[in-house]
Every structure is written in C-alpha cells, then in structure tokens.
Amino acid sequence: MKLAEIKQILPTLENVEFQLENGTFVPEHFHVTEVGMITKNFIDCGGVIRNEEVVNFQLWNADDFEHRLKPNKLLHIIELSEDKLGIKDLEIEVEYQNETIGKYDLDFNGKNFVLKNKTTACLAQDSCGIPAEKQKIVLRGLENNSSCCTPDSGCC
C-alpha cells in the first residue's frame, strides 16, 4: 500500500486497527512512534547496485492501556512527516515487534490494516547460479501410445 492510499482510507474509519496475517490484532493501545522514509542502497549478488525507498511506520505498545490512536491523528502525523521530511508517495513498510522486530507490507481488508509477512528473494537469479525450476510432468496420465517406441518396434 502506498502512502496516498492510507491517506484516502483514514478519513473513512472510526478506529485504526492493525491485524497480522494470522488474524492476531496489534493491541489497540499501540502507538505509531515513527513515520519516516528509509533509503536502502545495496549491491546484489549479481553485482547490480540497487536503491530502494519506503515509507516506514513503527508501531509500539506501551503500558498506557487507555491510549487509542484515532484516524485523524495518524493522518496528521503522516501529513506532518510529508511536510517536514519531504516524504514521497512510496510503499509503506511497518515495523512491529512480535518476538523480534518484524517488517511487514501493509494492506487493507475493508475494515483493518493488515500487516503482510515479507519474504526475502534473490534479485539476481540469472547471475548467481540458481537453476531454473524444472517443469513438472505428471507421468501417470501418459498412456502407452502406438506412436511411441516399444521395445520390439525396431525404432531404437
């Protein structure tokens, strides 16, 4: 989800709720402690220099169980970040601590924001020696066909 999308969704909500893909909710007393832009400059295993930028939200739980972040407050934080930090309309990555700090993509299911699990991948598969996946053929469906060679046909 890009920043412009969350800005369109927030005014339509009564509450801001985040849910993990497994159905678990982030406790409703969470804080958004950071909104920023992260730039990652790196070189992949194929030698290609890459640059990635994302908008980052950090969610944090404190012991103030009565705290509730309202949609207009989050929208204000986003707009302030755009103004003061020059944040662009980029994909949003959410940091949230479960057992360890996790990074999640953000989606919306019509009611809640969903923290989508991120995965790693090789960006240079063509140059780092990973073999292409072989095509899988189901042999069970192949029947003995008269056009195929048989041991006594003399075609071999």
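Student: What makes the charged end of Lys40 count as sitting over the ring of Phe42?

Tutor: Happy to explain, and keep in mind that this is a predicted model. The charged end of Lys40 is 4.8 Å from the centre of the Phe42 ring. The distance cut-off is 6 Å, with a further limit of 35 degrees from the ring normal, so Lys40 is placed over the ring of Phe42.

Student: Why is the pair of Phe108 and Phe113 called tilted?

Tutor: The ring centres are 5.0 Å apart and the planes meet at 50 degrees. Stacked needs under 30 degrees and edge-to-face over 60, so this pair is tilted. The whole structure has 3 aromatic pairs, and Phe108 and Phe113 form one aromatic cluster with Phe18 and Phe30.

Student: How do you know whether Phe108 and Phe113 are buried or partly exposed?

Tutor: Buried means under 20% relative accessible area. Phe113 has 0%, so Phe113 is buried. Phe108 has 22%, which lies between 20% and 50%, so Phe108 is partly exposed. Phe113 is also one of the residues that touch the most other members of the largest nonpolar core, along with Ile6 and Leu115.

Student: Why is His31 called buried?

Tutor: His31, in strand β2, has a relative accessible area of 19%. That is under the 20% limit, so His31 counts as buried.

Student: What makes the pairing of the His31 and Asp64 side chains a polar contact?

Tutor: The two side chains come to 2.9 Å.

Key:
Residues numbered from 1 in each chain as written. Predicted model: local features only at pLDDT ≥ 70, side-chain atom pairs only at ≥ 80, totals over all residues. Heavy atoms only, no water. Core = buried A, V, L, I, M, F, W, Y, C linked by side-chain atoms within 4.5 Å. Buried < 20%, exposed > 50% of the residue type's maximum accessible area, 1.4 Å probe, protein only. Phe/Tyr/Trp six-rings, centres within 6.5 Å; stacked < 30°, edge-to-face > 60°. Helix = DSSP H or I, 4+ residues; strand = E, 2+ residues; numbered from the N terminus. Polar contact = N/O pair within 3.5 Å; in protein donor to acceptor, adjacent residues only side chain to side chain.
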